[in-house]
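Some labels for this structure deserve a check against their cut-offs. The questions below ask for that.

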Amino acid sequence: MPKIIAINQKYKITMKEIDWSNLSFGYMKTDYNVRIYHRNGEWGKLEVCSEETIPLHMAATCLHYGQEAFEGLKAFRGKDGKVRIFRLEENAARLQSTCRGILMPELPTERFKEAVIEAVKLNERFIPPYESGASLYIRPLLIGTGAQVGVKPANEYLFLIFVTPVGPYFKGGFSTTPYVITRKYDRAAPLGTGIYKVGGNYASSIWSLEAAHQKGVSNVLYLDAATHSKVEEFGAANFFGIKDGKYVTPKSHSILPSITNKSLRQIAADLGLTVEERDIPVEELATFEEAGACGTAAVISPIGALYDLDNNVTYDYGMKVGETCKKMYDHLQGIQYGRVEDVHNWNVVVE
């Protein structure tokens, strides 16, 4: 049995207080989080905690040298009442890849799976009902907690998972939104940490994202940092385009390998599209029939228009959601909610 650290009912939420259909994509306190410490070269036992804060040394490497990694995945309550967690093993593998990249101990897949399922079970009452279209967002986090002054790996680490019910990432739901291309800022350098899910990649995108919001657009599309001539990704999502029966998405060492994008590539192939992972010159944006941003939070966010302000060019994909984007979105959400057969065994059903 997991060790229970603390039980705190101070902020207890009743289900009647939650407006499931109008949830934002934000944080809501739930009952428990789970934690595993890494000390003396080995992972400890799973611990259950109701405290939202972390005791942390002021010299912890996560605070000074960015030794931290995180993941994002979701659990869905289906029409049949079953709870499904989507592509759990893929998130475990991506976290392990990040750990190798910034020299943190890798959490074995089975331990990751154990922790995710425990966190979902302990907070089962916060999983939104099927009719709401909302989901339970799961945030695994691994940080260096050992005190260091020199730049080197920590000697202690903390892995934790908290969950929170969320609605759509974009307030408009599944509808087209405008985006802007930037050449003034880069998300990640070639051969840097862009391929890993670390906080620094997101910190570097905040300024340009806020500037984009002030212009009334949803997000920023970054170009390759070396030449600013090829499409890379958005601040928190991958790019894809549809044309001539093809699903086209960038391939680069500085792009985060999106699990949603990986799933959409398979779905696109299943639906009869040709899948291409390759360089996408900026000029090719004019040839796509549909375009979208994809990631765990947004799933698919269809792009209505892309504004290249530096060159005074607009790539217009229309205000109506494209047929292919809609078909892929419905298929992916169908798998996640149990409406479509999970032929690739992507879901873990929580018993």
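The answers that follow set values against definitions.

This is a predicted model, in which local features need pLDDT of at least 70 and side-chain atom pairs count only at pLDDT 80 or more, while totals for chains, interfaces and linings use all residues. Residues are numbered from 1 along each chain as its sequence is written, and side-chain values use heavy atoms, with hydrogens and water left out.

Q: Why is Cys99 called buried?
A: Buried means under 20% relative accessible area, exposed over 50%, and partly exposed in between (1.4 Å probe, protein chains only). Cys99 has 1% relative accessibility, so Cys99 counts as buried.

Q: How many disulfides does a search of the whole structure find?
A: The search finds 0, a disulfide being a pair of cysteine sulfur atoms within 2.5 Å. For Cys99, the nearest cysteine sulfur is that of Cys62, 13 Å away.

Q: Why is Leu63 called exposed?
A: Its relative accessible area is 53%, and therefore Leu63 is exposed. Leu63 lies in helix H1 (residues 61–64); helices are DSSP runs of H or I with at least four residues, numbered from the N terminus.

Q: Which residues of H6 are buried?
A: They are Ile259, Thr260, Asn261, Ser263, Leu264, Arg265, Ile267 and Ala268. Just after H6, Gly272 takes a positive phi of about 95 degrees.

Methods: Helices (H or I, at least four residues) and strands (E, at least two) are DSSP runs, numbered from the N terminus.
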